[in-house]
Amino acid sequence: MKLKGLLSIIIFFTCACLYSQNLNRIVADVDTNAHTISIQQEITFTNSSNVALNTIVLNDWINAYSNKETPLARRFADEFVRAFHMAPDADRGFTAIKSVTSENTELEYARPEKHPDIVEVKLVQPLQPGESITLKLDYGVKIPNDRFTRYGFDNKGTMVLKNWYLTPARLENGAFVYHSNENLDDIANSVTDFELQLTAPEGYTITSDLNSFNVIKPSGKNTVGFSGKGRTDFSLYLENGATAFERYNFDGFEVVTSLKTTKTTDMQRTLVIENVVSFVKENLGDYPFEKITVSQTDYDRNPVYGLNQLPAFLSPFPDSFLYEVRFLKTYLNNYLKNTLKLDPRKDNWLYDGIQMHLMMKYIDEYHPDKHMTGTLANWGILRGHNLFRVPFNGQYNYLYLLMARKNLDQPIGDPKNTFIKFNEQISGKYRAGLSINYLDDYLGNDAVQKSFSEFCALNKTQQTTREDFRAILNKNTAKNTDWFFDTVVETRELIDFRFEDVKENKDSVAVTVKNRTGADVPVSLFGINKGEVVFKQWINNVKADSTLVIPRNGAEKLVLNYNNAMPEYNTRNNWHRLGKFFPNNRPFKFTFFQDLEDPRYNQVFYVPSFVYNLYDGVSVGMRFHNKSLLEKPFIFDIEPTYSSKTQSLIGSVGFLYNHYIREGSLYNIRYGLSGSTYHYAPDAAYVKFTPSIQFRIRDNDYRENKKQFILVRHVMVDREASVFANTTEQNENYSVFNLRYSKFENTITRLYSYFTDAQFSDNFGKLSGEIQFRRLFNNNRQINLRLYAGMFLYRNTTSEFFSFGLDRPTDYLFDYNFYGRSEETGLFSQQFILAEGGFKSKLDTRYANQWMTTVNGSFNIWNWVEVYGDAGFFRNKYRDAEFVWDSGIRLNLVPDYFELYFPVYSSNGFEIDNNYGEKIRFTVTISPSTLINLFTRKWL
């Protein structure tokens, strides 16, 4: 026994030495006024691969903040984060390298073209396997403002330091991993021992998750020493004055946290932290280090979505529960990031899956009675809504389906930097946790939990990959798990099963289960009697249809995926009532406002609606629709409204069928049928009826905000005659066949779009096209350009109603949201919508009935103040072509949503005169659905 124990100790220390062959010694002096750090550093690097290395690759992620063209800057632009692009240079960060030497020899170094935050150090001699080299580096770093990523300096003198030093990149299969900083907390560092000596001004408190040791402190300075073994990263916090961190010690293991709370007691926080630490230890094993930090910054970067969106006055959860869930998520995140030695970009699904799985398990164990909306579920007026009855853990499946139903979900096994923001921060995380739950439910016998513990233990001795976890899992179960890794992790195949046929006998049931998507995964079948489970059985290999005969055991219902352990696309077809003539009938349920999808009912939502235009006034109606918070294939929307001014019935009706295509660039075909009637003049209404088909095409890279649309529609309009508008027989009742192709790509720094449009009717045929380009340059100057051209193919009408509009389209298809579409004078006539000619000044000739070509441009001179100019040629029948132009000032307050135009000079001459107020044009959007796009575009 003694010999065996000694052998174990020798093996452990041998593994530890092999694992931590790199040493990083850092001496850093912080200037808190200039937000800089002077660094003297020694890196001892050992070639742990089986090939010779000619270069050593160092991660230098602070340099990602150095300019507006880095991968970090491009990601901000993709997600419509304007702050980084517009920031002054003093708020940016960078690294200034003075020298890199080895054995007194100056070494060459360079930054790869696509990775400005990585440094390649060229070696004089190849570094053979097992050999070591010591690099000496002298450099300075400029810390960025924390408003970009929450890492950096703030206006109170605090610094949150993360990835601020140079360190060897992860070495895998004889090659270094190149991951640039994209604000994803997924740096891939080699495992290293750290020794840090940090000097800050006197009065600053320094906190880290490294172990501290005593060093000589210079006069007037605060110098602290830190060390850590077998680390890939560490956190560092500098606070001006007293610290916000609290320390909790559990048998020698220290938890240091600054998580904010105002209404919890010391005792409550201690119990919460102790419960979480104990729970995680029980499920994952001992934390490999003596100390862990759980900061407010960590939480703010990865909050508990849902909780962080609720207003403080609402408080549907007890303060102690809010603190507990926030601490649990942040603690798990930091525990896994510091424990697992995976490539955190390539194998991020394991971090997310383990974290979310354990969060759900914790809630099931400690708070099984909690609802997704907390105590709001007890409010009588809300009890009828499914949203307020869903268990706390039920939110994860709904938020995954939010993307899946839009055909925007992505394989959880894909690299983290390929995800759209909503998938990266919410939907993908939840899908990973649900998938682990699914696997755990299928395997049983604690195989998953045992595998987690063994996998975490393995990470203490070596770098790992997802294949290591797969091997451990297969060792702990006799069941096949290929379906999990090959289908659930690696693909975006949807899971959807339903009952195809059920034949009942007295004591048994013959069940045919249909696999609607073809995903080769197991499905659970439950027998239910009075809400109790009487049997549960897993069905495997259901590639198309599968029939089995099972004992009835007194079941009154058969349910697929009853416990929702499987992340299924549609649960509305999972129920079959035994002994009933209508086994799956769902009654209609009318619900106020909106709700989550409830598979037990056919839901109809009703909500008061308000519509405004000048002729109908503020009109009140009631909207009936079936749009739950999750997309459905078939959607209806009926909105009868009472016009307050005309005292008549107006409104709209629409029916839509979405056909989502999972593979290929054509991802959606949308079939529509819509109708509407409103007043277009004080004494006249119009009726519009439109059948349509739209083909929607996207780029294979979901993060590329590029879309293409092909629209085919037939617009039928019937207008009443009006004394206020120039109506004739030809423009009162007409129909137009419309074919349009459009394409756009958009980021905060660049917009490019164009369309071609063909229209045919008895009265005319016309062809038009538009190109728009917007560019925000690195000097914060922005240019907007637009070219429009249109021509009549034939024209059998004398009415200008169908002509091209120079400064305002007639909108005979009723596509635009004009508030006073027939107004020639007054405020409502000044509403501007960028269409057709796009002029802001009202010129003597306002229409073209042969052809028109115009150019619109603007350029900012200060922030959102721009100068604009329009120029164009147009021709009317029996007249020569004319050239017109205008110019002025544009206040681009919220682009495309709220803008003001002040004409100055045009073909009319100098525009500023006594009637100048009537010449100012405005763009304003009050439509809620349109405004929502302004706030959601950064997520999708």
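This is a predicted model: local features need pLDDT of at least 70, side-chain atom pairs count only at pLDDT 80 or more; totals for chains, interfaces and linings use all residues.

Trainee: Why are H7 and H9 called roughly perpendicular to each other?

Mentor: The axes of helix H7, residues 348–366, and helix H9, residues 421–443, cross at roughly 70° and come within 7 Å. Angles of 65 to 115 degrees count as roughly perpendicular, and H7 and H9 are therefore described as roughly perpendicular to each other. The crossing of H7 and H9 is right-handed.

Trainee: Which residues make the contact between H7 and H9?

Mentor: On the side of H7 the contact is made by Trp349, Asp352, Gly353, Gln355, Met356, His357 and Met360, while H9 brings Lys429, Tyr430, Ala432, Gly433, Leu434, Ile436, Asn437 and Asp440. Sorted by class, the residues of this contact of H7 with H9 are 7 nonpolar, 5 polar and 3 charged. Gly counts as polar in this scheme, so Gly353 and Gly433 of the contact belong with the polar residues.

Trainee: What makes the packing of H9 with H12 roughly antiparallel?

Mentor: H9 and helix H12, residues 482–489, pack at an angle of about 160°, and their axes are 11 Å apart. An angle over 145 degrees counts as roughly antiparallel, and H9 and H12 are therefore roughly antiparallel to each other. Their crossing is right-handed. In this packing Arg431, Ser435, Ile436, Tyr438, Leu439 and Tyr442 of H9 meet Trp483, Phe484 and Val488 of H12. The contact of H9 with H12 divides into 7 nonpolar residues, 1 polar and 1 charged.

Trainee: Why is H10 called oblique to H11?

Mentor: Helix H10, residues 447–458, and helix H11, residues 466–475, have axes 9 Å apart and pack at an angle of about 135°. Roughly antiparallel would need an angle over 145 degrees, and roughly perpendicular covers 65 to 115, with oblique kept for the rest once roughly parallel is also set aside. That makes H10 oblique to H11. H10 passes H11 in a right-handed crossing.

Trainee: Which residues of H10 and H11 meet?

Mentor: From H10 they are Ala447, Val448, Ser451, Phe452, Glu454, Phe455 and Leu458, and from H11 they are Asp468, Phe469, Ile472, Leu473 and Lys475. By class, this contact of H10 with H11 has 8 nonpolar residues, 1 polar residue and 3 charged residues.

Trainee: How many cavities are there of 30 Å³ or more, by this rule?

Mentor: The count comes to 6 cavities of 30 Å³ or more, where a cavity is a set of points at which a 1.4 Å probe fits but cannot get out. The largest cavity holds about 380 Å³ of space. Its lining has 29 residues, and the closest to its centre are Lys162, Asp185, Asp233, Lys337 and Asn338. Helix H5 (296–301) and helix H6 (319–339) are the elements that give two or more residues to that lining, and H6 supplies the largest share, 4 residues. By class, the lining of the largest cavity has 8 nonpolar, 10 polar and 11 charged residues.

Trainee: What is the volume of the second largest cavity, and which residues lie nearest its centre?

Mentor: The second largest cavity has a volume of about 130 Å³. It is lined by 18 residues, with Tyr65, Tyr151, Lys162, Asn163 and Asn181 nearest its centre. This lining divides into 10 nonpolar, 5 polar and 3 charged residues.

Trainee: What makes a space a pocket and not a cavity?

Mentor: A pocket is an open set of points, whereas a cavity is one from which the probe cannot get out. The second largest pocket holds about 1,200 Å³ of space. Of its 49 lining residues, Pro391, Gly394, Tyr562, Asn563 and Asn564 lie nearest its centre. H7, helix H8 (395–404), H9, H10 and strand E27 (557–560) each supply at least two residues of this lining, and the largest share, 5 residues, comes from H7. The lining of this pocket has 19 nonpolar, 15 polar and 15 charged residues.

How values were computed
Residues are numbered from 1 along each chain as its sequence is written. Side-chain values use heavy atoms; hydrogens and water are left out. Axes are lines fitted to C-alpha atoms, for helices over the stretch in contact, and angles run from 0 to 180 degrees between N-to-C directions. Angles under 35 degrees count as roughly parallel, over 145 as roughly antiparallel, 65 to 115 as roughly perpendicular and the rest as oblique. A crossing is left-handed if the near helix is turned anticlockwise from the far one by less than a right angle, and right-handed if clockwise. Contact means heavy atoms within 4.5 Å. On a 1 Å grid over the protein atoms alone, a cavity is a set of points where a 1.4 Å probe fits but cannot get out, and a pocket is an open set with protein on both sides within 12 Å along at least five of seven lines; lining residues have an atom within 4 Å of a point. Grid points are joined across faces, edges and corners, and a volume is the space filled by probe spheres set on the points.
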